[in-house]
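This report goes through a protein model from its overall make-up to a few selected residues. The sequence and the structure come first.

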Amino acid sequence: LQMPKRMIVYASKTGTTKDCALELQSYLGQADMYDLRHGIPYVTDDYDTVILGSSIRMGNIQRRAKKFIVQNKVALFRVDLGIFICNGAIDSSDDLFEANIPPGLLRHASVISSFGGDCSLEKQHGLSRLILKKFMTAASQIKGFKEPHIMHGVIRRFAQEIEKTEEKSARRARQGKARPIY
C-alpha cells in the first residue's frame, strides 16, 4: 500500500502556527513542509493531500496564505484538503473560516479546525504587543475567562481525520471512482 504524498503549508507570524504544523507532521509522519515566508509553492499532481494552516490577525488569515489559495485554486480541488487556523477566540472560528476561505473550497475541505492560540506577550512585537496586553488585562477581569492555548488533542484528531479521508480516497481510486468535486 502506497503512502499518500502530503504537503503542509503554513503562514505563521509568531511561530505558533509553525509549531502546530510541526506537531501535526509528527502525527502524520511523512509530509513536505512549506513555510510561506520562503515563497508560495505550487500544488502539483504529486500530492494527494494538502494541509493549509494560518494564524489569524485582526480577523484575517495571513496574506501569504490567501496568495497560496489564489495561486492554487484549481489544484486544491484535486487533492484531499485540510485547513487549520491558530486563533485565540476559538468561539469565532466558524465565522473566521467563512470570512477567509472561498465557499467552494471550504466545502471541499474534508477537515477544518482551529488549534487554538497562544497569547504570550514575549512572542508579540510593537503595536500587536500593546493591543494584546490591553486585551488580556481587560479580558482577565471577565469571570470565567480562560487564556487562549494550543489544543494538542485537536491537532491529534485533525491528523486522524486526515488519515481517514486519505483512506477513503485510496479506496475510491482502487474502485476507479473519481474524487468528488464541489
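Contact, as used below, means that heavy atoms lie within 4.5 Å. The model is a predicted one.

**Asn100 and its surroundings**

With neighbours within four places in sequence left aside, Asn100 is in contact with Ile56, Gly59, Asn60, Ile61 and Lys66. Asn100 belongs to helix H3, which covers residues 93-100. Asn60 is 40 residues away from Asn100 in sequence, yet the two C-alpha atoms are 6.4 Å apart.

Is Asn100 buried or exposed? Its relative accessible area is 8%, and the limit for buried is under 20%, so Asn100 counts as buried.

**Helix H3 as a whole**

Asn100 is one of the buried residues of H3, together with Ser93, Leu96 and Phe97. Viewed down the axis of H3, these buried residues fall within an arc of 100°, and therefore they line one face of the helix. An α-helix has 3.6 residues a turn, so residues three or four places apart point the same way. The other side of H3 carries the exposed residues Asp94, Asp95, Glu98 and Ala99. The cover over the buried residues of H3 includes strands S3, S4, S5 and S6, along with helix H2 (63-71) and helix H4 (103-108).

Ser55 is placed in strand S3. Ser55 counts as buried because its relative accessibility is 6%. Its side chain is joined to that of Gln62 by a polar contact of 2.9 Å. Apart from neighbours within four places in sequence, Ser55 is in contact with Ala11, Ser12, Lys13, Thr17, Asn60, Ile61, Gln62 and Cys86. Asn60 and Ile61 are also among the contacts of Asn100.

Met58 sits in the loop between strand S3 (49-57) and strand S4 (60-61). Met58 counts as exposed because its relative accessibility is 71%.

The residues discussed so far compare as follows.

| Residue | Relative accessibility | Class |
|---|---|---|
| Asn100 | 8% | buried |
| Ser55 | 6% | buried |
| Met58 | 71% | exposed |

**The aromatic cluster**

The count of aromatic pairs comes to three. One of them joins Phe84 and Phe158: the ring centres are 6.1 Å apart and the planes stand at 80°, so the pair is edge-to-face. This pair links distant parts of the chain, with Phe84 in strand S5 (residues 80-86) and Phe158 in helix H6 (residues 152-174), 74 residues apart. Phe84 is buried at a relative accessible area of 1%, and Phe158 is buried at 2%.

Phe115 and Phe158 form an aromatic pair that is also edge-to-face, with 5.2 Å from centre to centre and 90° between the planes. Here too distant parts of the chain are linked: Phe115 lies in the loop between strand S6 (111-114) and helix H5 (126-139), 43 residues from Phe158 in helix H6. Both Phe115 and Phe158 are buried. Phe84, Phe115 and Phe158 make up one aromatic cluster.

Which residues does Phe158 touch beyond four places in sequence? They are Leu24, Ile51, Gly82, Ile83, Phe84, Val111, Ile112, Ser113 and Phe115. Phe158 and Tyr27 are 131 residues apart in sequence, with 9.4 Å between their C-alpha atoms.

**The protein overall**

The protein has six helices and six strands. From the N terminus on, these elements run β-α-β-β-β-α-β-α-α-β-α-α. Of its 182 residues, 45% count as buried. Among contacts between residues at least 6 apart in sequence, 77% join residues at least 24 apart.

Key:
Residues are numbered from 1 along each chain as its sequence is written. This is a predicted model: local features need pLDDT of at least 70, side-chain atom pairs count only at pLDDT 80 or more; totals for chains, interfaces and linings use all residues. Side-chain values use heavy atoms; hydrogens and water are left out. Helices (H or I, at least four residues) and strands (E, at least two) are DSSP runs, numbered from the N terminus. Buried means under 20% relative accessible area, exposed over 50%, partly exposed in between (1.4 Å probe, protein chains only). A polar contact is a pair of N or O atoms within 3.5 Å; within protein, one must be able to donate a hydrogen and the other to accept it, and residues adjacent in sequence count only if both atoms are side-chain atoms. Rings of Phe, Tyr and Trp (its six-membered ring) pair if their centres lie within 6.5 Å; planes under 30 degrees apart count as stacked, over 60 as edge-to-face and the rest as tilted. The arc is that of the directions from the helix axis to the C-beta atoms.
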